[in-house]
Amino acid sequence: MMIDLSGRTALVSGSTQGIGYAIAERLARSGAHVVVNGRGASTEQAAAQLRAGVPDAKVTAVAADLATAEGAAAMLDALPQLDILVNNLGIFEAKPVLEIDDAEWRRFFEVNVLSAVRLIRLYLPGMMARGWGRVQSIASDSAVVTPIEMVHYGVTKTALLAVTRGYAKAAAGTGVTVNSVIAGPTHTAGVETFVAELVGSELPWDEAQRQFMREHRPYSLLQRLIEPEEIANMVAYLCSDQASATTGGALRVDGGYVDAILP
């Protein structure tokens, strides 16, 4: 399937590394003008890396803290109009649920939920007025199967599913699609650190990964971590004209981790 996003402008929040960077790269390879986002100098560094890796890529770097209202406003000033919004920005950590205080709950909601709410609220009306647009929120299997070691993360991803479904209803009949992508356990630098916290840092990576999957994600049918590019492929499809009848959905790229027919 040839996915051509030429002429489309796409913002991927939190795209200096990991899943976000892989999504930005995949959209750039599909012809989109990609806006890379981070909070500091890493933003331009990631954009430069993307330009170097994708011949003829059109890439813009916008540094803004999208976990704040001020950051969202700054993004709108820099990018008044776009066609594709991918809400990838998110944080996670392992912490016993009884030790999570109010400040930590608020921080997770600001980053994982309200960053997406603000951006959708800012950009969805323009997409609807023009009769075309794609909005996606990167959720997690933790939205459906709440992990005991990071309940606060799981709860915010559950909220993100609901928020995204609600905005899909707001865009009904306009030519704009709004979906969530449920990512499963994915191989990123942050997850490597997370794995080390849970199974120790003494083991070689391949062995540590296998132990992590056996002990902490035993329901995975893939039985390995997902690569970021595999998430990006689903995102690119949902951004395309070929996915015009898919909206209001929560599509799984979870390696079969969620033990259910539906999310």
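**Ground rules.** I am working with a predicted model, where local features need pLDDT of at least 70, side-chain atom pairs count only at pLDDT 80 or more, and totals for chains, interfaces and linings use all residues. Residues are numbered from 1 along each chain as its sequence is written, and side-chain values use heavy atoms, without hydrogens and water.

**Sheet.** I looked up the strand order and found an open sheet of seven strands, E3-E2-E1-E4-E5-E6-E7, with parallel pairing (strands are DSSP runs of at least two residues, helices of at least four; pairing takes at least two bridges). Strand E3 (58-63) and strand E7 (250-253) are at the edges with a single partner strand each, so one side of each has no neighbour in the sheet. I then followed E5 and strand E6 (residues 176-183), which pair in the parallel sense over eight bridges; Ser140 has Ala183 in E6 as its bridge partner.

**Gln136.** I found this residue in strand E5 (residues 133-140). Gln136 counts as buried because its relative accessibility is 1% (buried means under 20%, with a 1.4 Å probe and protein chains only). Beyond its neighbours within four places in sequence, Gln136 has contacts that include Asn87, Asn179 and Cys239 (contact means heavy atoms within 4.5 Å).

**Helix pair.** I checked helix H1 (residues 18-29) against helix H2 (residues 41-53): their axes come within 11 Å and cross at roughly 40° (axes are lines fitted to C-alpha atoms over the stretch in contact, with angles from 0 to 180 degrees between N-to-C directions). Tyr21 and Arg29 are among the H1 residues that meet H2, where Leu50 is one of the partners.

Terms used. Buried means under 20% relative accessible area, exposed over 50%, partly exposed in between (1.4 Å probe, protein chains only).
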